[in-house]
2 protein chains.
Amino acid sequence: MKKQCEVTFKPIGARITVDEGTGLLDAALSAGVPLKATCGGSGTCGSCKVWLIEGMLESKQTALINSTDFKNGLRLCCQSRVTGNVTVELLSSKAEDLQKPGEKTDNRLHHQLLATGWHFQPMAQKSALKLKPPDINDNQNDLKRLRSALGQKGFKDVIIDYDIVQNLPGFLRSSRWEVSTTVVSGRPAPMLANLEAGDTSQMHTGIAFDIGTTAIRGQLLDLNTGYILAEATAYNSQGSYGEDVISRIAYCRRAGGLVRLQKAVTDTLNSLITTMVKQAKINKQSISHLVVAGNTVMTQLLFGVDPEPLRLSPYVPAFDTPPQMPAASLGINVPRHVYIYAIPGVASYVGGDIVSGITGCGIYQREEISLYIDIGTNGEIVAGNKDWLVTAACSAGPTFEGGGIKFGMLAAQGATEDFTLDPETGEPALTVIGGVKLAGICGSGIINTVCALFQAGILGPNGKFNRESNCPRIREGEDGYEYVMVYGAKAQNGENIVISEMDIDNFIRSKAAIFAGCQTLIDSVGIGLEDIESIVIAGTFGLSINIESAIKVGLLPDVAREKFMFIGNGSLLGARLTSFSQEIYHDGLKVAEMMTNLELSENGAFMDNYIASLFLPHTDSKKFPSAGVGA
Amino acid sequence: MKKQCEVTFKPIGARITVDEGTGLLDAALSAGVPLKATCGGSGTCGSCKVWLIEGMLESKQTALINSTDFKNGLRLCCQSRVTGNVTVELLSSKAEDLQKPGEKTDNRLHHQLLATGWHFQPMAQKSALKLKPPDINDNQNDLKRLRSALGQKGFKDVIIDYDIVQNLPGFLRSSRWEVSTTVVSGRPAPMLANLEAGDTSQMHTGIAFDIGTTAIRGQLLDLNTGYILAEATAYNSQGSYGEDVISRIAYCRRAGGLVRLQKAVTDTLNSLITTMVKQAKINKQSISHLVVAGNTVMTQLLFGVDPEPLRLSPYVPAFDTPPQMPAASLGINVPRHVYIYAIPGVASYVGGDIVSGITGCGIYQREEISLYIDIGTNGEIVAGNKDWLVTAACSAGPTFEGGGIKFGMLAAQGATEDFTLDPETGEPALTVIGGVKLAGICGSGIINTVCALFQAGILGPNGKFNRESNCPRIREGEDGYEYVMVYGAKAQNGENIVISEMDIDNFIRSKAAIFAGCQTLIDSVGIGLEDIESIVIAGTFGLSINIESAIKVGLLPDVAREKFMFIGNGSLLGARLTSFSQEIYHDGLKVAEMMTNLELSENGAFMDNYIASLFLPHTDSKKFPSAGVGA
């Protein structure tokens with residue numbers, strides 16, 4: 001028997017095991033990798049170029065690849081044979097237009113921090129079927145004929161709804177028995193979501209959404225190649241009905257409140273969809289599937305389900321995952337055939353967003369213990385490994401996304417990126433995203449600002465400005481004492497931009513909730529910080545966080561810096577991988593089942609830890625050896 | 001180990017195996033038989049009386065049962081022990097009001113001609129659930145809580161639709177966690193069709209329909225007890241768009257034709273539902289499920305599916321069984337929660353009605369070979385046993401249901417039941433259903449009439465009246481020669497009632513199609529009439545058929561009379577048993593898979609047999625030794 005070699009195709013994650021000596025082009029085609037070989041594999045067209053990332057290939061160098069590129073690993077699939085386990089990366093013909101997964105959002109992503117072992121086999125699969133037209137010797141019924149053809153593609157016991165069955169005779173005949181099917185994975189069986197005439201299998205996209213309380217982020221995905229075709233972010237329009245989940249739940253008690261909140265979130269989704277469809281220049285009909293991840297309140301509001309029991313003891317969600325259904329029924333502007341899948345949640349304050357993040361970053365697959373911190377409006381913390389997962393949630397408030405801060409904003413052009421100051425004069429040095437005039441302070445900006453003010457002694461450990469400081473930028477404003485970050489001339493709207501004690505109070509409450517949550521969760525399972533081998537920081541905001549600042553203000557634990565890792569928006573990452581892989585979809589269900597929720601809202605230890613954390617960096621300074629003033 | 005005894009409870013068909021010596025009341029309760037024992041089993045209330053039908057019981061005679069009744073087999077369950085296999089029949093407290101299954105339609109039914117071995121476990125099952133209210137130590141989500149409770153009742157992986165999930169939090173809380181569920185069997189998984197507040201499990205009825213081309217018959221069923229609560233029959237309103245399936249298919253080619261035909265059949269169903277609901281004095285909300293059986297064209301029209309491909313070679317149906325769906329979506333006036341199940345068909349002219357009949361009468365369970373003949377507008381014939389089933393269909397026309405006959409009518413009050421005549425004078429002696437004046441001729445009436453006229457020599461073997469006969473009742477009418485059955489004074493509407501040569505031509509074509517179908521089917525599998533151990537006659541019409549007449553006119557084969565058996569409306573019988581039993585439901589799917597269809601419409605042998613049968617009784621008189629004139 002020949003040696004078996006595993007071949008992995010990045011970025012789509014396709015993987016196949018082949019005999020030693022198999023041609024790489026054959027391996028790619030068998031794995032379903034959408035590679036073109038226009039010349040038929042003769043080595044003359046160059047359309048099957050890949051980069052050798054890891055492992056060995058036996059390859060010929062042809063005139064189409066110069067020596068430098070060949071040394072750097074550029075190969076033609078058709079001129080290469082597999083000689084051992086190997087990983088290659090595809091070059092898309094549209095490589096310039098397309099963004100590879102993670103290229104933008106995950107720029108600090110450690111590659112080992114992704115779930116592994118999955119195959120690129122989207123939850124929604126599109127297939128072109130040529131049915132054999134019936135004749136007098138084979139006149140089985142239309143539905144059975146369609147089912148047989150689906151069966152041959154590996155789709156068994158598919159749920160086929162009346163909408164499709166009703167029009168089947170006319171549809172199959174007018175399509176001349178050549179149709180494309182979209183089958184969506186689901187429980188207890190996959191569903192036939194769409195039946196189209198002809199071969200439309202190349203038009204196959206999906207959208208992954210992270211539905212945050214404050215912001216919503218979407219990615220338009222090519223479900224044939226695994227490329228991200230477009231990305232977009234917007235504030236959740238529900239914001240006008242309340243900044244946090246509690247106020248939104250309260251709003252639902254008004255007549256028509258739930259309907260308005262559902263409409264607000266679908267309005268935002270619709271505008272993001274329009275933006276991304278335009279950006280990627282695709283036809284909306286090509287959208288095959290939606291995957292959303294959100295906290296439990298966001299998910300229930302999107303599905304129009306009364307969230308009232310979520311805020312009252314015993315804090316009971318309506319569902320783990322709602323039934324898959326046409327997204328259009330919820331008011332989302334996509335074709336009727338597009339089913340929406342919501343990643344399952346665990347508890348009232350541990351939603352699909354956190355399950356999505358844990359699934360996406362693969363903590364549930366590893367031996368080592370990780371601590372996962374998703375810093376958003378709702379702070380969510382998970383500790384565990386492949387055998388156990390415990391989770392807790394604490395209301396951090398919208399501070400880290402720019403909410404609850406007078407000049408707060410999302411991390412976009414015009415936001416402070418870095419902030420230092422001259423300890424003598426108290427004069428600041430700012431860098432602003434996009435190099436423009438300052439418009440406001442984003443989450444990472446506020447950490448850096450508070451840290452710098454605190455380190456310089458201008459701000460006390462209680463979050464109050466030092467009244468004796470002679471810094472001319474400290475003054476009494478309408479919200480109490482404040483520090484002027486820039487004067488009007490340097491601000492985008494000509495107004496002084498300040499950070500006030502009220503802003504800082506909000507920030508301290510937010511960071512205290514996160515830190516106290518970590519502390520309580522770790523204590524509850526009887527381990528210490530030293531047992532944790534990696535701390536995964538999720539949240540788009542985490543990508544731009546300055547670890548030193550975050551530790552020195554007492555937001556993150558004071559441990560070896562190399563333990564910190566960043567995955568950006570974990571919820572969106574998990575939603576994307578769930579779109580891409582049925583194995584990840586099933587893993588998500590498993591992760592939700594595995595998670596034990598520690599309810600902090602009625603937990604005495606958490607309250608103690610929280611109060612102890614309402615200081616810069618903490619009442620117990622031994623916990624933060626690196627954080628002395630001026631350190 | 002104790003001896004095992006099988007106990008069967010009639011009429012509901014419940015069956016259980018218990019240890020020898022088990023109390024009969026315990027056995028009944030374990031088998032889910034809805035028996036009351038008001039006194040708690042002390043033998044004093046008499047509410048658990050049953051009749052001993054077969055087998056042995058060890059019973060005490062108490063004061064509640066007199067000696068005569070005890071000798072005849074009346075027993076108290078609570079005073080009886082099982083000592084061997086035994087069959088008992090329940091007495092309902094409502095016995096006077098209720099009709100037992102088969103009492104009316106199946107009055108000539110041989111009991112061995114029912115499917116056996118099934119349990120009373122309806123496709124739709126209603127359960128009262130008391131959910132444990134959530135608390136802080138058990139705050140799993142509402143959907144999971146409902147699923148767990150369903151799981152405890154044996155319902156796993158139930159499909160729960162968005163309509164139910166969306167309102168779950170409010171519904172469960174306002175119901176104080178006490179609800180009733182209706183779960184309907186289905187592929188690939190059972191569905192939660194309805195969720196009601198409180199315990200409504202006693203309100204649980206279903207409707208079985210046989211949707212014939214000419215007439216529709218319904219039965220309202222108590223799904224807790226197996227009793228038939230009401231029955232009703234009406235002409236299919238589609239009749240005004242064409243008498244047979246071919247003309248209805250043709251009508252669908254007109255703009256709006258399909259919609260009108262769908263509305264016509266649902267109009268008829270709706271009026272039957274109204275009639276039965278009134279008759280039984282039930283609340284429409286108690287309806288849990290519909291089961292329909294019809295030929296393929298009727299089923300497609302009911303589901304609004306274009307039947308055009310059914311009439312053109314290669315004769316392809318749209319589906320075997322359409323997806324279960326809310327009947328209300330088809331325009332049927334039942335609550336939204338009522339799902340409709342259509343028994344699967346096999347081919348264009350072998351529909352769910354025939355599968356239903358074969359399933360209901362149990363031919364597919366037996367070693368012996370049976371021939372099944374369903375005499376309706378579409379004549380359907382099946383031969384086979386537990387190992388094989390072949391089937392064929394031939395268009396018999398509406399003759400046997402009174403169509404295509406000038407004075408034809410369904411077998412109802414005023415129709416000729418029997419007809420004889422004085423061979424000397426040609427004067428008739430009629431008996432009329434209900435003993436009233438004659439209104440018309442039903443299917444069995446026309447067979448008797450044609451037979452009597454033929455036997456008397458008034459009608460020739462070619463179906464023409466003997467022009468030389470001096471019978472004063474023969475005359476030339478507007479449709480050619482005719483025989484006056486009654487003169488106006490004895491007719492309900494005061495008009496002469498006649499049977500014309502045109503009527504007789506239609507009849508001969510109908511009977512020729514049936515006989516030729518049987519002949520061709522038997523020949524095709526290489527067996528002879530002598531290999532067939534029973535001939536099952538289905539069709540309501542079959543119940544009143546005179547076997548001698550039917551053989552002498554050449555409709556049925558001339559074999560030993562004891563081979564003939566009658567099941568009445570087989571389609572309705574199968575639909576009712578399918579309502580009652582998930583095993584029968586699964587058997588129906590199996591029967592549809594087993595059946596091989598012999599397409600007669602392009603079959604040369606059939607055409608030859610048909611032409612040879614266009615005589616009274618047949619061109620080959622050796623086939624009908626009993627049928628000589630005057631025999």
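**A guided look at chains A and B**

Visitor: How much area is buried between chain B and chain A, and what share do carbon and sulfur atoms give?

Guide: Welcome! This is a predicted model. In it, the area buried between chain B and chain A is about 3,200 Å². The part given by carbon and sulfur atoms is 66%.

Visitor: How many residues does the contact take from chain B and from chain A?

Guide: Let's look at each side in turn. Chain A gives 42 residues to the contact. From chain B the contact takes 42 residues.

Visitor: What relation do the two copies have?

Guide: Start with how chain B is superposed on chain A: a rotation of 180° with 0.0 Å of shift along its axis does it, with an RMSD of 0.2 Å. That is the relation of a two-fold axis.

Visitor: Why can we say that the copies meet through the same surface?

Guide: Take the interface residues of chain B and look for them in chain A. The copies meet through the same surface because the share of them that are also interface residues in chain A is 100%.

Visitor: Which residue of chain B forms a salt bridge with E593(A)?

Guide: Between the two chains the count is two salt bridges. In one of them, the closest N and O atoms are 3.2 Å apart. The partner of E593(A) there is K144(B).

Visitor: Which elements give two or more residues to the side of chain B that touches chain A?

Guide: The interface also has 14 residue pairs in polar contact. On the side of chain B that touches chain A, the elements giving two or more residues are α3 (142-152), α4 (162-166) and α5 (168-174) of chain B.

Visitor: Is H204(A) buried or exposed?

Guide: First find H204(A) in the loop between β8 (191-197) and β9 (205-211) of chain A. Buried means under 20% relative accessible area. H204(A) has 2% relative accessibility, so H204(A) counts as buried.

Visitor: With which side chain does the side chain of H204(A) make a polar contact?

Guide: Beyond four places in sequence, H204(A) is in contact with several residues, including L221(A), D222(A), S286(A) and S288(A). The polar contact, at 2.7 Å, is with the side chain of S288(A).

Visitor: Which residue in β5(B) stands opposite T8(B)?

Guide: Strand β1 (residues 4-10) of chain B runs antiparallel to strand β2 (residues 14-19) of chain B, joined by six bridges. With strand β5 (residues 80-90) of chain B, β1(B) pairs in the parallel sense over four bridges. In β5(B), the residue opposite T8(B) is T87(B).

Definitions and conventions: Residues numbered from 1 in each chain as written. Chains lettered and ligands numbered in written order. Predicted model: local features only at pLDDT ≥ 70, side-chain atom pairs only at ≥ 80, totals over all residues. Heavy atoms only, no water. Buried < 20%, exposed > 50% of the residue type's maximum accessible area, 1.4 Å probe, protein only. Polar contact = N/O pair within 3.5 Å; in protein donor to acceptor, adjacent residues only side chain to side chain. Contact = heavy atoms within 4.5 Å. Least-squares fit on C-alpha atoms with pLDDT ≥ 70 in both. Pairing = 2+ DSSP bridges. Buried area = accessible area lost by both parts, 1.4 Å probe. Salt bridge = Lys/Arg side-chain N within 4 Å of Asp/Glu carboxyl O.
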